[in-house]
Amino acid sequence: SSSSSSSSSSSSSDSSSEKRSAKKKRKRDLEAEMRAIEDEIQFYKKQALLDELQHEKRKHDHIAPMGGVSAQMGAVNPPTPTVFVGGIPREADEEDIRQFFASVPGEIHQIRMNKGFAFVQWNSSRAAQEACKLGGLQMMGRFLTVNPDRPKPSR
């Protein structure tokens, strides 16, 4: 009789151990599912930001350039040594951008900033090309896009 009671208590402890194990597995599965959902949310947030940046860039591209005498006479302007920088943290300022590009040989001529992006004009095309190599690096925890500024469409 004592052996049957010990086997029933052992089977009930096995059963509760199995329940605990199943609960732990379920918890791990739910945590993994939550991480996957959070990753997906981050992906869509990044995609939405990228879409917003591309929309802003397209709007900027449609602004007619200010034409001086040479533009009025039909002279072809050389490509400007300007780069588009996307993904800039909202709290970043011009000095942060200058520090980010400090390793680039050349001088920054002008920085035009907007929410989350900037146009950085260099004193030479070579400097602009070197600046583009920094694309994919982080500023304040955000990955930046650095591309040559596309010439504005002629009207």
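Reply: Start at alanine 92, which is buried, with a relative accessible area of 9% (buried means under 20%, exposed over 50%, partly exposed in between, with a 1.4 Å probe and protein chains only). The model is a predicted one, in which local features need pLDDT of at least 70, side-chain atom pairs count only at pLDDT 80 or more, and totals for chains, interfaces and linings use all residues. Residues are numbered from 1 along each chain as its sequence is written, and side-chain values use heavy atoms, with hydrogens and water left out.

Alanine 92 sits in the loop between β1 and α3 (helices, H or I of at least four residues, and strands, E of at least two, are DSSP runs numbered from the N terminus). Not counting residues up to four places away in sequence, alanine 92 touches Met113, Met139 and Met140 (contact means heavy atoms within 4.5 Å). Phenylalanine 117 is 25 residues from alanine 92 in sequence, and their C-alpha atoms are 9.9 Å apart in space.

Aspartate 96 is placed in helix α3, and with neighbours within four places left aside, its contacts are Glu91, Met139 and Met140. Met139 and Met140 are therefore touched by alanine 92 and by aspartate 96, by the 4.5 Å criterion for contact. Aspartate 96 is buried and has no salt bridge (a side-chain nitrogen of Lys or Arg within 4 Å of a carboxyl oxygen of Asp or Glu). The nearest side chain of opposite charge, arginine 98, is 11 Å from aspartate 96 (Lys and Arg count as positive, Asp and Glu as negative; His and the chain ends are not counted). A polar atom of the aspartate 96 side chain does lie 2.9 Å from the backbone nitrogen of aspartate 93.

Methionine 140 lies in the loop between β4 (138-139) and β5 (142-143). Its phi is near 50°, a positive value in a residue other than glycine. Methionine 140 is partly exposed, at a relative accessible area of 43%, whereas alanine 92 is buried at 9%.

Helix α3 also carries a charged pair. Glutamate 94 and arginine 98 meet in a salt bridge, with 3.3 Å from N to O. The two residues are 4 apart in helix α3, which means that about one helical turn separates them. Glutamate 94 is partly exposed at 35% relative accessibility, and arginine 98 is partly exposed too, at 31%. Across in strand β2 is arginine 112, also partly exposed, with 30% relative accessible area. Arginine 112 is 18 residues from glutamate 94 in sequence, and the C-alpha to C-alpha distance of this pair is 8.6 Å.

In soluble globular proteins, nonpolar side chains tend to be buried together. Phenylalanine 101 touches Val85, Ile108, Val120, Trp122, Ala131, Leu134 and Val146, with residues up to four places away in sequence not counted.

Now for the rest of the chain. The protein has 4 helices and 6 strands, which run α-α-β-α-β-β-α-β-β-β from the N terminus on. Of its 155 residues, 23% count as buried. Among contacts with a separation of 6 or more, 68% join residues 24 or more positions apart.

A search of the whole structure finds 3 salt bridges, one of which is the glutamate 94 and arginine 98 pair. Lysine 25 forms another with aspartate 29, with the closest N and O atoms 3.1 Å apart. Lysine 25 and aspartate 29 are 4 residues apart in helix α1 (residues 2-61), so they are separated by about one helical turn. Lysine 25 is partly exposed at 46% relative accessibility, as is aspartate 29 at 36%. Glutamate 130 bridges to lysine 133, again with 3.1 Å between the closest N and O atoms. Here glutamate 130 is partly exposed at 23%, while lysine 133 is exposed at 61%.

Last, confidence. The mean pLDDT of the protein is 77, and 63% of its residues reach 70 or more (pLDDT is the predictor's confidence in each residue, from 0 to 100). Over residues 62-78 pLDDT stays under 50, and for this stretch the model has 9 contacts beyond four places in sequence.

Notes:
Polar contact = N/O pair within 3.5 Å; in protein donor to acceptor, adjacent residues only side chain to side chain.
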